[in-house]
Structures are given as C-alpha cells and as structure tokens.
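The sequence and the model are shown first, and a description follows.

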Amino acid sequence: MNSTDIADPNYFHKVVDCQWACPAHTPVPEYIRLIAEKRYTDAYMINWHSNVFPGILGRTCDRPCEPACRRVRVEEQPVAICRLKRVAADYKSDVKNLLPEIPKKKNGKHIALIGAGPASLTVARDLLPLGYEITLFERDKLSGGAMRTQIPRFRLPAEVLEEELHYILDMGINCRFGEEVTSMKALLAEPYDAIFVGTGAPVGKSLDLPGHEEAAENIHTGIEWLASVAFEHIDKIGKRVLVLGGGNTAMDCCRTSKRLGGEEVSVVVRSGFDEMKASPWEIEDAMNEDIPVLNFHVPKRYLVEDGKLVAMEFEKVRKEYDENGRRLLIPTGEDPVILPCDDVICAIGQDNSFPWIERDIGIEFDKWELPELDKKTFRSSHEKVYFGGDAALGPDNIITAVAHGHDAALSIHLQCLGQDIHERPDPLTTLASQKMGIHQWSYDNDISSDVRYAVPHAAKEQTLNDLSMEVELGFDPELAFGETMRCLNCDVQTVFSGPLCIECDACVDICPTDCITFTENGEEEDLRQRLMAPAENKEQDIYVADGLKTNRIMAKNEDLCLHCGLCAERCPTNAWDMQKYLFNTAKAVNA
Amino acid sequence: MSYINKPRFHHPQLPTNEIGLTRRDYEGTLTTLCGGCGHDSISAAIIQAAADMSLEPHRVAKVSGIGCSSKIPSYFLSKSHGFNSVHGRMPSVATGANLANKDLYYIGISGDGDSASIGLGQFCHIVRRRINMLYMVANNGTYGLTKGQLSATADLGSKTKTGEESLYDNIDLATLAIELGASFVARSFSGDKQQLVPLIQAGLSHKGFAFIDVVSPCVTFNNTDFSTHGYKNTWENHIALSAVDFVPMRQEITTSYEAGAEKEITLHDGSVIHLHKTGNNYQPYDKENALHHINAYKKEGRIATGLLYIDPSMSDLHEVLDTVDKPFNTLSNHELCPGNEVLMGINETFR
C-alpha cells in the first residue's frame, strides 16, 4: 500500500465516524467535551453554527451519527450523541450576543426563499450575516415547516421550536407568511437574484381501497392530519384507531392519537417488524405507550356500515425471498383479519409536489417529478433557482435539509459574487498536538466503560393526557457527564512519524485493541489479514506510514482505535502524537 | 488525566484459546517502566506465548530478583503465582519452589545486573542443577535503575550515555549457560516477537533448564548510536542462526510445514519445534559448534540469535535426584512418615 496522505482533509475526517456520518458534519466529539466541562453555551454554539437547530435536533434528529459511532464496534451501544446535543441546548445561557451581527448596510442582493422549513431557514441564516436581503414565503401562518407540522409537541415543545426559529427570523427577514406561491414564473419575473425552493414533500399518500369513498371522513393522511393537530384544527379522534405504515410519521400519528382520545390504537404494517422504517427508539417509545404493532398484515378494504367506517380487512402474509434475493410477501391463506376501528390514519409515505412550477421556464424535472439538480451546488437547470431539503431529493430528515441549506447558500453567495459555484472553498481544518506533559493530554483519555445512559421519561399517566407535555425529560447534568465520558474522542488523531520511530514495539504492546502492526508492506487485501488482529471492516482505512529504519511499514487499523493515546504515552521518541483534528465544512461566510 | 489504565475494551475478534481466555486475560498491571523499554515487549511476548499455549494461569509461578527486569512479572499473568526475591537470589527461590512443587511452570525473570553481577554465582548453580524452568534475562548492558552505569554484559568498547567506555570483555550468559550444562539455550531481541514468542513457548515446554538471553534495550540510558545494546545496533546486527516454529502438544498437526522446514524436535511433553533453514546451516545440537558460531559472529560485531543449543533428552533435577512422582507439597503425613515399625527396623540396623 502507498503511505497514507494524512494531509487529505477527508482522511482524518473519516476517522471521526459520527462527524463523517452527519450530513452537516457537526464536530461531535468537540462539543461533547465541552458538555463534559459544563461549557454548555460553547457546545451549543458549535452546534448552532453547524446544524442551526441544536435544541430541535437534540430531540428529533434521525441521528445518522449514532449507528456510525465507533463505540458500537467495541461494545453494544453508541454514545447518546443526539440527547447530549439537547443537554447543550437545555443548559446553555443566553446566546443572543453570540449570534452573528447583521450588517445594517445591505449588499444589494435579494434572495427569495419558498417554504419556511429547515432548509430555507438555513439559507437565510447563512446569507443574512453577509448583508443579503431575504424574502421568505410560507403558505402556513407560522414558520418551521415539518419541524412544526409533522413533529408533535410532546416530542418537541413549542418554546424550543420558537426560540430557534426566532434566532433566524429576528435577523431581519421579510416574512410573507400565509402566502402561497402559485407561480414560479411570476416569481422569476420579480427582481430576485436567486430563488431557493424549500417546500418539502408536502403531499401525504392515501390508500385508495374499496370503501374509501364512503369512509373518507374517517380516513386521514398522516402528515396532513399531524399538521391539522399542530395548528389545532383537530383535537380529537375515535376510540379505536388504526395507523397504517411503519415509518416515523406513523409513530407520531399513533402516539398523537393516544393523546386525542384514542383508546385502542394499533400500528399495522405490511411487512415484518424488523423491516419498519421508523427509528428503533421511536418504535420503542410507541410500544412503551401500549401501542401494539401488527406486522405482515396487508390492508384490503375499508368496511363501512350505515355510511360510517367500522373496521378494516387485512390479508395475512409471510416473508419469502425469490432467487434474486428479493423479499416477497406471500399470502398465508388464513382467513382475512378484521380489525374494528373508528378512524384510520394512512402514514405510508409522502410525495413532492410542484404544481406551481411551470414546466416551460427552464426548470427540468426527472421522471420522479423531482427537479434535476447538481447535488453539490443544489442549483437546478435554471441558473437562478436552487432547491434544498425534501424538495430537492425527496423525503429525508431535518439534518439533511440543513446540510442542503448550507450548500445552497454557499452556491447562491458564489453566484452573487460572480464566481464559479462549482469551485467550492476547502473545508476549515486544524490539526494540533494535545500533549501537555509526559502523561498528560488536553483531553480526557480515560474512557468510561459504562453502558449507555437512558434518558429519563416523564410518567406515562401524565404524558398520555397532555398533548404538549414533553415525554423525554432529557439528561440532567450528572447523567450527561456520565454519558460524555463514553465518547472516545475520535477527533484526537493518532499521528505517526516513521523517521522518529525506533521500532521498540511499545505502541504495539500497549494498544488495547491491537490496532498497530509493524510489518512488511503488501497489497491492502493481504495486509489486512497480516495485522495484529485481522482488519475485516473494509469501510475503515488502514493508516500506512513508511520511513522506518528496517524498511518495514507501520500499519494502523483505524477501525477499533479507542484514541486513548496510550501509544503516544508509551512512545519514547514522540513518533506517535495525539493531535486534535477539527473539521468544519466551508459555508457561505468562508467563500 | 495522567497515566490511565489500559481500557478493558478489546478487539472483538480477539481469539480465545482452548481454555476460553483471550490474550488480554494474561496481562498484568500497567507497566511503570519507561515508554519504549524492551522489557515491556518481553512481557508482551510472554503474554502472547502463554495465551497461545493455553496455559492455565494458576499453574504458572513467576520468580524474579531486583532491577528493572525483575519488576516485569507484575506486568504479565496477574493471576499466576509470583515471588519477587532478593537481588541476585531468584535462583535459590526458584530452586526451592521447584523442589516443593515440580508440577508448575516456572518463569524466572532476571536482568544483567541480577544474573551477571550480584547473582552470577547463583546463576551458575541453578544452570548446573538443571532446575526445570524457563530463565529469561532481560539484557540491556546497563544498570538502568541506577541511571546508566556499565553492566557486566556491556561489550568491550561499548559506551555509556555519558561516554564512559567498557574496558572489559562482556560476560555472555548464553555461552556460560551452554558451558554449565543448560539443555536449552536461546538468544533473542525484544523487538522481534516473531522470534521471541516461539522461543518462550519452546522454553516453557522444554523439560530441564531453559535459558533465553533477550537483548532488551534500555531506551533511557543505553539507546545511543554508540551502544551495542541499543535498538539501532540490535536491529542492524542481530542474526538468526535458526528460525523456530513451535507447535504445542495439544494442537493436532494438520498442516505440513513449508518445504524449508529442516528439522523437527519433539520435546518431553509432546510439543514440537520446527527448525527452519536460515541459510546458516546451523545445527543446535552440538555445544562446540554453538560456542564457535556465537563467538565467530561476536568477532564481527554481530549478535547470534535464535535457538542456539538444545538437548531434549537431558534429565532435570528431580530425575537426577530420583524424587517421587508426586510433588512434595502434596505428600501427606502418612506418606512422609514411614511409621513406627519401619523406624524400629531402621534403628535395629544400627544396634
């Protein structure tokens, strides 16, 4: 193998698994250390700059960082990264004086944002401090988009939502709420320098089965029903509720139903329990509220008596795989299952919808009715029009929308500067030694072997009776500290210098996870098998360094490194050093 | 913040041996030696060897004297027996322990000061008495614990860190052991575990006195470019007279070793040592030949390593003394006291 190019900004970034997995690439270990030091405000601001909505995301994020956490590979559970983020938000002090200043003198550029969800608000947040004038269109009367309409208040309290929306809205946005944009052509005729579309995926799918027409009054689509609850147009539901679908929207629908008078609420899914799309913790929360999940039930028809929905008929199926490994659902031949119900909520997916974008104005759409985009710049085929969030690439999550917003804001800024929007600035990185003394590091390398701490919940008897009472109480500072100590500090990198090494094996002998090997060089496949312990996780790199006196190489398997720094502590020549790698994506302000 | 314990997390695919333990289960407390000390690599090699052989920790006894070297029994096999004795007197303790219980594996750890200076007499006699044990010397040619004076194994002309030159020829414990009748003599280098681990396994399986002289650089006081015991000189000048693979007795030999395998030596417990060709055409069965080669390489400034000499058939102390099969410490009063009738009989012969 060739020697590893550690100057490549992606090399050490990839070692920080959580940050690499995060769409917005939030520097996770850095803020976790700050929480351990009780520097909640600083931890919050790191988050705010990166993911814009720390308090919201600390409660609602899909947490792609957690399955990526290295801790999963040395024990069972990842660090509770998401809930630690919430700790920073819960315990911070006033941050208003830390927010960027908005120049009084504007730069003369005017941007229109459509849809006041996370993507658009991120664009606004990135561009306002640069002197842009922003006009924000929103068909609802309030901002927040899916964060407001699709996430129930018992998961995301109103005050948390409002606080973080207002950090941005108060920067001085020309808000045009309650105003639906009906023609892109008309908007393009106005003198905006760029238009950003962040309208989400606003159309819920319904299930058109026999009986639908007669029972329509009691058949709801998930996201629309949740929005109506959020805007208090709906405040009750029947006693027996069936929620169809296995995603996070279904989990929010069933739990909301329980709070609006639903007594027997069930989730029904076509496929297997383990194939459900919802996050495991959301399924767990629903089941903790005594909501059963019935799997392998395919809905067949709505049963109506006297013009009113009374039940739904399902066919029972089982799972089989065909010769191509495709999963098939085969009817078991048992009698159909009749589940009595008063209301049915279909939470089986949502679609993009752009009826207001004329098809003859230079914005091209693909066969899925999604805009044709450059996935790096988020510019559409029209040079002034950008998309982000669910509107860009289909339904995803808040943190992805934020990441799109950052990228689109950077593109818009480059465009307004008259530069090539494809020439992106490099990420902002620093790599600095953490050595303080022979056995002293600036970070706490004594990793806790505690198992993951559970977040305390409020009593079910209370929460089920109050639609807006938050279920999760969040970590208190003590629990949070315990959890922070589980973080492996993967951003503190093991940096090796071959010419300094005397090949004494001290690092090899001390490494708790057998990451380090000194051996003859070879092809990667071969080398992976010849290490102190085989390196079978191909997604994780082997750090190769040469320059040794014996002409061997140092090969370090990044996969299981605990970043405990013992290699560097035992190294007599400082050939190993622990160096903190801070990585931040370039945003508009860095162009 | 400072000096943490080694985290207990380990590689998930770390193999377990025949008694269900991983290598990590054979570790001891965290070392307090200088970072980069060769002795830590010796600890690691012993840990690896014991794990690979599936040794039951309670069947091992570690004995040592005084010095940096003699601290290391703390750093491996923490679930084994141990005795940290007086300077240079480990051989006496080891002899006593072995007489009392011949069924344990004995690992003696000593250094060049402990064995070649203050304990040289004891060393000579334990070799001569053929105690069944593995005796290892962590040899760094310097008194590290007293900050770097020349030791008795420092080569003629080798210099201390402060520039003092050795005026005398060194005591070579390996050739001394061969001369005095050790039946297994090897030399290795702490930096070369590929060589050291199988030698330790073979030495533990060998019945009789097994001796390994391990060049183990003192990273703090004797690792200069002008020291013959530093990492640089040892990496450049150690030459393997023989390359050894070790197959424990319990392990069924299913694979045929590569064609280069020159010779198999079956040890008393059924384990097998495979000697590989190294291009030196070295035969480790002849004392004269061994001494000749070691000295010839020494003249060139090179360090002969590998298995230097072996005689698997030589009897150990208990065989020489024709002791009973049971270890002494398990003999009951009944077995030790022949009874009044026998005593009367013996007395009768003196009348």
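## A strand and its partners, and a pair of domains

In this predicted model, A138(B) of chain B has V214(B), in strand 8 of chain B, as its bridge partner. Strand 8 covers residues 209–215 and runs parallel to strand 4 of chain B, to which seven bridges join it. Strand 4 of chain B also pairs with strand 3 of chain B, residues 105–111, again in the parallel sense and over five bridges. Within that strand 4, V137(B) is the bridge partner of S110(B).

The two pairings are set out below.

| Partner of strand 4 of chain B | Residues of partner | Sense | Bridges |
|---|---|---|---|
| Strand 3 of chain B | 105–111 | parallel | five bridges |
| Strand 8 of chain B | 209–215 | parallel | seven bridges |

Is strand 4 of chain B buried or exposed? Seven of its seven residues (133–139) are buried, so strand 4 of chain B is largely enclosed by the rest of the structure. Burial applies to both directions in which its residues point: M133(B), Y135(B), V137(B) and N139(B) point one way, L134(B), M136(B) and A138(B) the other.

Attention now turns to the other chain described here. Chain A is divided into domain 1, comprising 99–202 + 352–416, and domain 2, comprising 204–350. Their C-alpha centres lie 32 Å apart. The contact between them takes eight residues from domain 1 of chain A and ten residues from domain 2 of chain A. On the side of domain 1 of chain A that touches domain 2 of chain A, the residues divide into five nonpolar, two polar and one charged.

How values were computed:
Residues are numbered from 1 along each chain as its sequence is written. Chains are lettered from A and ligands numbered from 1 in the order in which they are written. This is a predicted model: local features need pLDDT of at least 70, side-chain atom pairs count only at pLDDT 80 or more; totals for chains, interfaces and linings use all residues. A residue is buried if 20 or more other C-beta atoms lie within 10 Å of its own, exposed if 12 or fewer, and partly exposed in between; C-beta atoms are placed from the backbone. Helices (H or I, at least four residues) and strands (E, at least two) are DSSP runs, numbered from the N terminus. Two strands pair if DSSP finds at least two bridges between them. Domain bounds come from an automatic or database domain assignment. Two residues are in contact if their C-beta atoms, placed from the backbone, lie within 7 Å. Ala, Val, Leu, Ile, Met, Phe, Trp, Tyr, Cys and Pro count as nonpolar, Asp, Glu, Lys and Arg as charged, and the others, Gly among them, as polar.
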